[in-house]
Amino acid sequence: MQIAVLTIFPTMFDLFWEYGIVRRAIADGHVQTEAMDIRAFTDDRHHVTDDRPYGGGCGMVMKPEPLARAIETARQRIEGGLTVLMSPQGDKLSQQTAAGLARQRGLIFICGRYEGVDARIVRRHVDYELSIGDYVLSGGEVAAMVAMDAVIRLLPGVLGGAESAARDSFSDGLLEHEHYTRPREFEDQTVPEVLLSGNHEAIARWRHRMSLIETLLRRPDLLERRRLDEREQRILRQWSQILERILRHQAAHRPDSLSGRQ
Ligand code: ADE
């Protein structure tokens, strides 16, 4: 996949390309990346990329002409690429969105600065607006890095085992289970016995159970949206019965209940 990032701070990406899975994906030829300097597409002496907003108000707006030229050039280099504007107004990034982006022929990320980009650019030149969350960053660069990281690790062949991406949190609608490595005992805490048992089936069942409880406790909204399989429904029913029992027991032993009265 080819990815271009349009930015007024292209050197911000120099380090990003150089580490971990992203670096390896580039080195192995799974992805070709390029940061394009929007300033190179200005035609004035001072390479100005922003201007005052029509109608007044504070902040500046990214000028349309350099951006349109930069996008046009990126489109010529990345045929059939999707133009993605990083913006807090966009669709929120999720594992599903990342998977959708990973299926594109190529990606052109546009990083806004200042108050945003001229609306005519969004209307005419942007295919998709993407946000990484409900907060405002001072520019789209860090957001584009987040999106690229999530996308690149999903490209076929990038992660070693074909399974590792499939097992990530969110990919099947559950959070990941806990992980342990050596030593067996650390600060008075031991590794769960089952993980030392060598019984792969039992380990898989334990991991699935842990994923389920992590998700229930931290992100019940994910469970509500998920199609639970038979086993998951059975486990949740068991937990629900245990909780019911605890609550009934509590109610029966309240100080003002019959059995609790002096
Ligand atoms: N630019 C500024 N804030 C952003 C956000 N939350 N997501 C994507 N791009 C942004």
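Which residues surround the ligand?

Modeller: Happy to! This is a predicted model, in which local features need pLDDT of at least 70 and side-chain atom pairs count only at pLDDT 80 or more, while totals for chains, interfaces and linings use all residues. Residues are numbered from 1 along each chain as its sequence is written, and side-chain values use heavy atoms, with hydrogens and water left out.

The ligand is surrounded by Met86, Ser87, Pro88, Leu130, Ser131, Ile132, Gly133, Tyr135, Val136, Leu137, Gly139 and Ala143; a residue belongs here if one of its heavy atoms lies within 4 Å of the ligand. By class, this shell holds eight nonpolar, four polar and no charged residues (Ala, Val, Leu, Ile, Met, Phe, Trp, Tyr, Cys and Pro count as nonpolar, Asp, Glu, Lys and Arg as charged, and the others, Gly among them, as polar). Strands E5 (82-92) and E7 (128-131) each supply at least two of the shell residues, and E5 gives the largest share, three residues. Strands (E, at least two residues) and helices (H or I, at least four) are DSSP runs numbered from the N terminus.

Now for the polar contacts, meaning pairs of N or O atoms within 3.5 Å. A polar backbone atom of Ile132 is 3.0 Å from a nitrogen atom of the ligand. For Gly133, a backbone N or O atom lies 3.1 Å from a ligand nitrogen, and for Leu137 the distance from such a backbone atom to a ligand nitrogen is 3.0 Å. Of the 260 Å² of accessible area that the ligand has on its own, the protein covers 96% (areas come from the Shrake-Rupley method with a 1.4 Å probe).

Stepping back, the ligand sits in the largest pocket, in the sense that more than half of its atoms lie within 2 Å of the pocket's grid points. A pocket is an open set of points on a 1 Å grid over the protein atoms alone, where a 1.4 Å probe fits, with protein on both sides within 12 Å along at least five of seven lines; lining residues have an atom within 4 Å of a point. This one contains about 400 Å³ of space, the volume being that filled by probe spheres set on the points, which are joined across faces, edges and corners. Its lining has 25 residues, with Met86, Ser87, Pro88, Gln89 and Gly116 nearest the centre. E5, helix H5 (119-125) and E7 each supply at least two lining residues, and E5 gives the most, five. The lining divides into 13 nonpolar, nine polar and three charged residues.

Terms used. A polar contact is a pair of N or O atoms within 3.5 Å; within protein, one must be able to donate a hydrogen and the other to accept it, and residues adjacent in sequence count only if both atoms are side-chain atoms.
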